[in-house]
Amino acid sequence: MNGAGSLTMVKYQERAKTCHWGHVMAWIVLVLSGICEAVWAVALDKSQGFTKIIPVIVFFCGLAASMAGLSYAMRSISVGTAYLIWVGIGAAITVVYGMVVGEESVSVLKILCLIGMVACIAGLKLAG
């Protein structure tokens with residue numbers, strides 16, 4: 001292979017590595033932004049109609065981080081997949097948090113539904 005061809009191959013390999021790690025980073029950011037979604041949802045509840053300042057601050061910070069992360073992830077992940085995973089993570093964490101602190105009832109059916117929801121979200125990722 002001549003010099004120009006090998007240089008092109010090296011550039012392609014470097015670009016492929018960058019794209020792969022960029023896609024991995026998008027998934028990591030998506031999971032973190034899903035966690036932030038749960039944070040802002042709980043903070044919204046704790047703010048009691050925006051009357052408590054600390055939960056309001058946490059709400060706006062969580063909301064901004066969550067939306068920024070979702071936006072970043074959608075550069076590499078399709079909107080439907082990214083949104084479903086973002087909402088699913090946020091919803092699951094919010095329900096589990098409610099169960100742990102006693103604000104949400106705990107039942108076998110609820111736990112099975114949460115496991116099913118997480119399994120469906122994982123299945124969507126594996127399928128796509």
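Keep in mind that this is a predicted model.

**Exercise 1.** Decide whether lysine 110 is buried, partly exposed or exposed, and find its salt-bridge partner.

*Solution.* Start with the relative accessible area of lysine 110, which is 27%. Buried would need a value under 20% and exposed one over 50%, so lysine 110 is partly exposed. Next, look at its side chain: it meets that of glutamate 104 in a salt bridge, at 2.7 Å from N to O. Glutamate 104 is also partly exposed, with a relative accessible area of 32%.

**Exercise 2.** How many salt bridges does a search of the whole structure find, and what does glutamate 103 pair with?

*Solution.* The search finds two. Glutamate 103 forms a salt bridge with lysine 46, and their closest N and O atoms are 2.7 Å apart. Now place the partners: glutamate 103 sits in the loop between H3 and helix H4 (108-127), while lysine 46 belongs to helix H1 (residues 3-46). The pair therefore links distant parts of the chain, 57 residues apart. Finally, check accessibility: glutamate 103 is partly exposed at 47%, and lysine 46 is partly exposed at 29%.

**Exercise 3.** Describe how helix H2 (residues 53-73) packs with helix H3 (residues 79-101).

*Solution.* First, take the geometry: the angle is about 150 degrees and the axes are 10 Å apart. Angles over 145 degrees count as roughly antiparallel, so that is how H2 and H3 run. The crossing is right-handed. Then list the contacts: Ser66, Met67 and Leu70 in H2 meet Ala82, Tyr83 and Trp86 in H3. By class, that makes five nonpolar residues, one polar and no charged ones.

Technical notes. Residues are numbered from 1 along each chain as its sequence is written. This is a predicted model: local features need pLDDT of at least 70, side-chain atom pairs count only at pLDDT 80 or more; totals for chains, interfaces and linings use all residues. Side-chain values use heavy atoms; hydrogens and water are left out. Axes are lines fitted to C-alpha atoms, for helices over the stretch in contact, and angles run from 0 to 180 degrees between N-to-C directions. Helices (H or I, at least four residues) and strands (E, at least two) are DSSP runs, numbered from the N terminus. Angles under 35 degrees count as roughly parallel, over 145 as roughly antiparallel, 65 to 115 as roughly perpendicular and the rest as oblique. A crossing is left-handed if the near helix is turned anticlockwise from the far one by less than a right angle, and right-handed if clockwise. Contact means heavy atoms within 4.5 Å. Ala, Val, Leu, Ile, Met, Phe, Trp, Tyr, Cys and Pro count as nonpolar, Asp, Glu, Lys and Arg as charged, and the others, Gly among them, as polar. A salt bridge is a side-chain nitrogen of Lys or Arg within 4 Å of a carboxyl oxygen of Asp or Glu. Buried means under 20% relative accessible area, exposed over 50%, partly exposed in between (1.4 Å probe, protein chains only).
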